[in-house]
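Please give me a short briefing on the structure below. I am new to it and would like the main points grouped by topic.

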Amino acid sequence: MLVPFFLALSLALVASASAAASAAAAAGVPPASAPWVPIADTGNFFYRQVGNFSLLIRALVFREYLDLVEVVSGSVQAAGAGNNYSLLLRAADRNGTVGRYQTVVWGVPGSRDWTWKVISFQRITGN
């Protein structure tokens, strides 16, 4: 009978997936509600790359071209296999008008196996 075979196979797959999830939790995968930690050196090249990535995606989706002026402040939060990066950016449009933008980006530093994602992006009043 094929039905009991497939039922046993699917139960075995569910059990192994549950065991893998338990192993991942034991291996130190951070909780989704990890605290936000301030970034001490926002001038670091890595955070500029994260900011530029956010601006690039904004340009590709909305055709709003902005050049990064500086990363004003930021914080990082462990999230699953990667991190959430909340950055306050100063960026200039094509006319040279500088504005402030808040972005949250998720990614795994140094990994080629995970796709980086822009979670949110919005203009903040002031410059």
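R58 is partly exposed because its relative accessibility is 21%; buried means under 20% relative accessible area, exposed over 50%, and partly exposed in between, with a 1.4 Å probe and protein chains only. R58 forms a salt bridge with E64, and the closest N and O atoms are 2.9 Å apart. This is a predicted model, in which local features need pLDDT of at least 70, side-chain atom pairs count only at pLDDT 80 or more, and totals for chains, interfaces and linings use all residues. Residues are numbered from 1 along each chain as its sequence is written, and side-chain values use heavy atoms, with hydrogens and water left out.

**Salt bridges**

- The count comes to 2 salt bridges, a salt bridge being a side-chain nitrogen of Lys or Arg within 4 Å of a carboxyl oxygen of Asp or Glu.
- E64, the partner of R58, counts as partly exposed at 26% relative accessibility.
- The side chains of R90 and E70 also meet in a salt bridge, at 3.1 Å from N to O. This pair links distant parts of the chain, with R90 in strand β3 and E70 in strand β2, 20 residues apart.
- R90 is partly exposed, with a relative accessible area of 23%, and E70 is partly exposed at 32%.

**Overall layout**

- The protein has 2 helices and 5 strands; helices (H or I, at least four residues) and strands (E, at least two) are DSSP runs, numbered from the N terminus.
- From the N terminus on, the order of the elements is α-β-α-β-β-β-β.
- Of the 127 residues in the protein, 28% are buried.
- Among contacts with a separation of 6 or more, 47% are between residues 24 or more positions apart; contact means heavy atoms within 4.5 Å.
- The accessible surface comes to about 8,200 Å², and 61% of it belongs to carbon and sulfur atoms. Accessible areas come from the Shrake-Rupley method with a 1.4 Å probe, and for residues only the protein chains shown count as cover.

**Nonpolar core**

- In soluble globular proteins, nonpolar side chains tend to be buried together.
- The largest nonpolar core has 15 residues, and L55, L66, L87 and L89 have the most contacts inside it. Such a core is a set of buried Ala, Val, Leu, Ile, Met, Phe, Trp, Tyr and Cys residues joined through side-chain atoms within 4.5 Å.
- The elements that give two or more residues to this core are α2, β2 (67–79), β3 and β4.
- The largest share of the core, 4 residues, comes from β3.

**Aromatic pairs**

- A pair of aromatic rings is described by the distance of the centres and the angle of the planes.
- The structure holds 7 aromatic pairs. Rings of Phe, Tyr and Trp (its six-membered ring) pair if their centres lie within 6.5 Å; planes under 30 degrees apart count as stacked, over 60 as edge-to-face and the rest as tilted.
- The rings of F46 and Y47 are edge-to-face, because their planes stand at 75°, with the centres 5.2 Å apart.
- F46 is partly exposed at 24% relative accessibility, whereas Y47 is buried at 16%.
- The rings of Y85 and W116 are stacked, because their planes are at 20°, with the centres 5.8 Å apart. This pair links distant parts of the chain: Y85 is in strand β3 (residues 82–92) and W116 is in the loop between β4 (98–107) and β5 (117–124), 31 residues apart.
- Y85 is buried, with a relative accessible area of 2%.
- One aromatic cluster is formed by F46, Y47, Y85 and W116.

- S54 lies in helix α2 (residues 45–62) and is buried, with a relative accessible area of 1%.
- Leaving aside neighbours within four places in sequence, S54 is in contact with T103, V105, V118 and F121.
- L60 is also in helix α2, and at 60% relative accessibility L60 counts as exposed.
- L56, L60, V61 and F62 make a nonpolar surface patch of about 440 Å². Patches are made of residues with over 30% relative accessible area and no salt bridge, with like charges joined within 9 Å and nonpolar side chains (Val, Leu, Ile, Met, Phe, Trp, Tyr) within 5 Å.
- R63 lies in the loop between α2 and β2 and is exposed, at 65% relative accessibility.
- Phi of R63 is near 55°, a positive value in a residue other than glycine. Most residues other than glycine have a negative phi.
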